[in-house]
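Dear colleague,

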Amino acid sequence: MGRRYILLCFLGVMAGLTFSAIAQERTNSATSSNAATPAPTRVAGATPAAKPASPSSAATAEDAAAVERALRVEGEKRFRTNCGRCHMAPHKFPPRVMATAIRHMRVRAMITDEDMRLILHYMTR
Amino acid sequence: MRRFTNGTRRHYACSMVLALTLSTFLAFRSDAQSPQSEDVKPVPLFTGSAGFVTSFDGGEAHLGPIASPVLLIPLNKRWLLETRATFESDMVQEPGLSGFHGKVAKAVDYAQLDFVANPYLTVTVGRFLTPFGIFNERLYPVWIRNLQTDPLILPIGIGPSNASTGAMLRGGFKAHPQFDINYAVYFSALSTASPADSDRLAGGRAGIFVPHVRLEIGGSFQHLLQQERSNSFGFHAIWQPPAWPLDIRAEYAHSQRGSGYWVESAYRLSQLAFFHNEMRRVQLVARMQRFIAGILASDSLPAVNTKKFEFGLNYYFIDGLKGIGSYGRQFSADGNKNVWTLGLTYRFVLPLGHAGSE
């Protein structure tokens with residue numbers, strides 16, 4: 001009887017996760033198909049508004065700086081929101097240390113891939 | 001022709017379901033993660049925490065040195081080998097002897113290999129912290145916990161020595177623009193090899209995190225596949241109101257060996273206008289908890305119904321170094337008592353290689 005419950009629970013959880021994952025995958029595919037969007041801004045939900053390409057290189061540099069700023073702000077926000085759930089948000093660590101720590105936290109605290117990328121971006125710039 | 005028994009059929013069905021589910025998840029593009037997340041090559045880390053906590057439990061003094069080293073070894077782009085051991089002692093004054101005496105207890109908390117299969121799934125094998133509730137897996141280290149005493153219900157659902165030995169599927173992903181979902185399902189085999197013992201059990205935990213309001217709620221379920229073959233379940237919640245430096249955490253757990261809850265709030269005095277540099281380092285903590293004894297006895301749980309109220313003050317000297325102090329009053333049929341704690345905790349991080357960007 002107990003095993004039946006486990007099997008049903010397992011099936012229910014997995015079915016829900018599968019549907020969610022498929023939906024998310026579709027969203028990601030649609031987002032990443034936008035070729036005009038620079039690579040860092042492919043992060044769903046954290047995507048700064050993509051600006052049209054400017055003919056001048058100065059404008060392009062400004063666009064890149066704006067995207068970088070937006071990513072950093074979003075990364076800091078995710079950092080405070082996710083890390084602060086369990087402990088005091090730590091000070092910045094060197095990039096390679098942070099890359100390991102964030103992978104550890106991805107497993108331990110089940111941080112999403114998107115949050116992981118944004119936090120890593122923020123912590124390593 | 002071979003005839004299947006009911007048990008064999010069930011196992012076969014379970015295996016099929018697991019295989020199908022795994023293949024469904026693994027079928028997602030393995031490059032679904034942006035390569036930018038791996039721009040920086042991770043370095044092996046030697047990290048962990050250490051602490052020295054003195055407690056006065058019902059008038060008896062205890063000295064509690066503890067060290068929990070953690071070794072993190074990233075392998076390739078998707079693998080992580082992680083292990084944590086704990087060395088601790090509970091030193092007390094013994095009659096006829098001077099000073100404090102105690103044995104050092106050693107435990108392998110976890111020694112696991114993680115494979116990040118895709119953005120939705122991480123496969124873990126080895127010895128892992130049992131994901132039942134949140135305290136054991138996420139709040140246990142001394143540098144993280146707000147109060148150094150364990151919640152009364154902590155032993156429910158986590159097995160002996162707080163860990164399981166087997167396999168686990170887990171992950172967290174954005175299911176909706178407004179919320180994330182996280183999950184863990186696991187199976188643990190029986191192990192009697194101390195200090196890596198574990199029960200034979202299966203279970204899962206799922207949670208929803210709403211980043212906008214910083215609220216996480218979830219539930220855990222577990223079925224013991226040995227002894228009384230009972231079910232355990234629990235719920236957890238974490239809320240950090242965005243406008244205030246306040247943490248509210250709560251857990252409820254139920255099993256045949258007992259049930260109960262704890263609710264904890266911690267407030268940083270960073271919003272006070274005076275002595276701001278000092279006050280922002282101060283955290284006030286309060287926790288109330290209740291345990292109701294179950295129909296089966298347990299060595300690790302209280303034998304009778306128990307209530308406990310605790311108040312604490314933490315001072316963060318620097319990032320990773322924390323001074324702690326707390327007072328608690330416990331009420332139970334075995335007698336009421338006061339519990340005081342005073343101590344220091346420290347978190348360290350040492351890269352085992354060049355730590356800068358490549």
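The largest cavity in this predicted model has a volume of about 560 Å³. A cavity here is a set of points, on a 1 Å grid over the protein atoms alone, where a 1.4 Å probe fits but cannot get out; grid points are joined across faces, edges and corners, and a volume is the space filled by probe spheres set on the points. Its lining (residues with an atom within 4 Å of a point) comprises 31 residues, with A:His87, A:His104, A:Met105, B:Trp143 and B:Ile144 nearest the centre.

Both chains supply at least two lining residues from each of several elements: H2 (57–83) and H3 (95–108) of chain A, and S1 (45–57), S2 (60–75), H2 (135–139) and S18 (337–351) of chain B. H3(A) gives the most, 7 residues. Helices (H or I, at least four residues) and strands (E, at least two) are DSSP runs, numbered from the N terminus. By class, this lining has 19 nonpolar, 7 polar and 5 charged residues (nonpolar: Ala, Val, Leu, Ile, Met, Phe, Trp, Tyr, Cys and Pro; charged: Asp, Glu, Lys and Arg; polar: the others, Gly among them).

The second largest cavity holds about 110 Å³ and is lined by 16 residues, including B:Phe132 and B:Glu251, which are among those nearest its centre. In total, the search finds 6 cavities of 30 Å³ or more.

Residues are numbered from 1 along each chain as written, and chains are lettered from A and ligands numbered from 1 in the order written. Local features need pLDDT of at least 70, side-chain atom pairs count only at pLDDT 80 or more, and totals for chains, interfaces and linings use all residues, while side-chain values use heavy atoms, without hydrogens and water.

Yours sincerely

Conventions:
On a 1 Å grid over the protein atoms alone, a cavity is a set of points where a 1.4 Å probe fits but cannot get out, and a pocket is an open set with protein on both sides within 12 Å along at least five of seven lines; lining residues have an atom within 4 Å of a point.
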